[in-house]
Amino acid sequence: MGGSLIDIKKRIASTKKTSQITSAMQMVAASKLTKSEQSSRRFQEYASKVRSITTHLASSQLRDIEGADSSSFDNNKMKMYNKLLIERPVKKTGYIVVTSDKGLAGGYNSSIIKKTVEILNKDHAGQDNYVLMTIGSSGADFFKHRNMPVAYELRGLSDYPSYDEVRKIVNSAIQMYNNEVFDELYVCYNHHVNTLSSAFRAEKMLPITDLDANEATEFEQEYILEPNEEAILNTLLPLYAESLIYGAVLDSKTAEHAARMTAMKSATENASSIIDDLTIKFNRARQAAITEEITEIVGGAAALEE
């Protein structure tokens with residue numbers, strides 16, 4: 001019985017230490033979540049402005065392209081419009097899959113990978129029909145271990161990623177699209193809904209189809225474009241596409257921090273529950289030991305009286 005009591009005490013002490021660690025990790029994740037939410041909100045203001053300017057400058061091209069049959073666009077006609085705006089026949093699809101480099105985030109990574117694989121199996125007959133680009137070790141290791149086509153991988157992203165950190169993979173994605181390595185690009189990630197929940201998204205980033213010419217801002221006064229509208233759009237449209245992808249990465253990082261905070265909170269609560277159960281078990285065992293000792297003393301005293 002003595003050995004059992006010692007074992008229970010050791011388990012209680014060990015669980016308390018684990019609880020302290022998970023509680024600290026929960027607070028760290030909560031702090032990161034708050035900062036990440038603020039960063040994401042600030043970026044949305046920038047992205048909204050870029051969208052407004054892009055829509056205004058591209059409005060004439062958008063009206064020409066809207067409703068047109070992309071298959072009727074010959075090479076000469078395509079030169080009239082920016083490549084990023086034109087939907088072409090899809091022979092191969094590109095996917096940027098955003099996961100984390102670290103664990104202890106509950107089902108954050110597994111849900112992204114599972115739903116991405118479901119899309120790949122549903123929409124493509126084989127691996128020749130798609131190409132993957134991964135952000136985060138979890139996704140990269142999963143797909144490479146299964147010999148799936150990973151064209152680019154980015155690891156070691158910071159908790160608050162700057163644009164410079166994702167510039168290479170973003171620029172590579174746009175360059176691969178322009179070189180017709182793939183004909184459309186999706187970003188698969190977990191969208192941050194609130195502290196307790198996130199939602200998987202597979203958002204189409206290229207070609208740019210979310211701009212609406214009807215949203216274009218009209219100005220009463222004329223203004224001069226230097227060098228010209230086409231040259232500005234050639235710079236601005238890739239910048240807008242980059243902002244979409246970078247925004248998804250920031251959103252995904254925010255969801256990661258929320259998932260880790262929730263996971264650590266759940267772990268801390270489970271540890272507290274285990275400690276309560278072990279404490280009850282310890283008290284019962286100690287009570288049983290005391291009862292047994294009393295019984296032995298009473299039995300010994302009775303034997304002496306005889």
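Among contacts in the chain (heavy atoms within 4.5 Å) between residues at least 6 apart in sequence, 74% join residues at least 24 apart. The model is a predicted one, in which local features need pLDDT of at least 70 and side-chain atom pairs count only at pLDDT 80 or more, whereas totals for chains, interfaces and linings use all residues. Residues are numbered from 1 along each chain as its sequence is written, and side-chain values use heavy atoms, with hydrogens and water left out.

The secondary structure comprises six helices and five strands, taken as DSSP runs (H or I of at least four residues for helices, E of at least two for strands) and numbered from the N terminus. Along the sequence these elements follow the pattern α-α-β-α-β-α-β-α-β-β-α. Of the 306 residues of the chain, 40% count as buried, where buried denotes under 20% relative accessible area, exposed over 50%, and partly exposed the range in between, for a 1.4 Å probe and protein chains only.

In helix 4 (residues 137–145), the buried residues are Ser 137, Gly 139, Ala 140 and Phe 143. Seen down the axis of helix 4, these buried residues fall within an arc of 165 degrees and so line one face of the helix, the arc being that of the directions from the helix axis to the C-beta atoms. The packing partners of the buried residues of helix 4 are strand 1 (93–98), helix 3 (108–123), strand 2 (130–135) and strand 3 (150–154). Just after helix 4, Asn 147 takes a positive phi of about 55 degrees; this residue, which is not a glycine, is placed in the loop between helix 4 and strand 3 and counts as exposed at 64% relative accessibility.

A positive phi, near 60 degrees, is also found for Leu 104, again a residue other than glycine. Leu 104 lies in the loop between strand 1 and helix 3 and, at 54% relative accessibility, counts as exposed. A further backbone feature is the cis peptide bond that joins Leu 206 and Pro 207, with omega about -5 degrees; Pro 207 belongs to the loop between strand 5 (198–206) and helix 6.

A search of the whole structure for salt bridges, defined by a side-chain nitrogen of Lys or Arg within 4 Å of a carboxyl oxygen of Asp or Glu, finds 11. One of them pairs Glu 153 with Lys 144, the closest N and O atoms being 3.0 Å apart. Glu 153 is partly exposed, with a relative accessible area of 28%, and Lys 144 is likewise classed as partly exposed, at 43% relative accessibility. Both residues belong to a network of salt bridges that links Asp 141, Lys 144, Glu 153 and Arg 155. In another pair, Glu 203 forms a salt bridge with Arg 201, with the closest N and O atoms 3.1 Å apart; Glu 203 is partly exposed at a relative accessible area of 27%, and Arg 201 is partly exposed at 32%.

The side chains of Glu 256 and Lys 253 also meet in a salt bridge, at 3.2 Å from N to O. Because Glu 256 and Lys 253 are three residues apart in helix 6 (residues 229–305), about one helical turn separates them. An α-helix has 3.6 residues a turn, so residues three or four places apart point the same way. Glu 256 counts as buried at 2% relative accessibility, and Lys 253 is buried with a relative accessible area of 6%.

Glu 256 and Lys 253 are also among the residues that line the largest cavity, together with Val 98, Thr 99, Tyr 108, Ile 135, Leu 157, Val 249 and Ser 252. Here a cavity is a set of points, on a 1 Å grid over the protein atoms alone, where a 1.4 Å probe fits but cannot get out, and lining residues have an atom within 4 Å of a point. Grid points are joined across faces, edges and corners, and a volume is the space filled by probe spheres set on the points. The count comes to one cavity of 30 Å³ or more, and the volume of the largest cavity is about 30 Å³. Helix 6 gives the most to this lining, with four residues. By residue class, the lining of the largest cavity divides into five nonpolar, two polar and two charged residues, where Ala, Val, Leu, Ile, Met, Phe, Trp, Tyr, Cys and Pro count as nonpolar, Asp, Glu, Lys and Arg as charged, and the others, Gly among them, as polar.

Note on methods. 1 Å grid on protein atoms, 1.4 Å probe; cavity = no way out; pocket = protein on both sides within 12 Å on 5 of 7 lines; lining within 4 Å.
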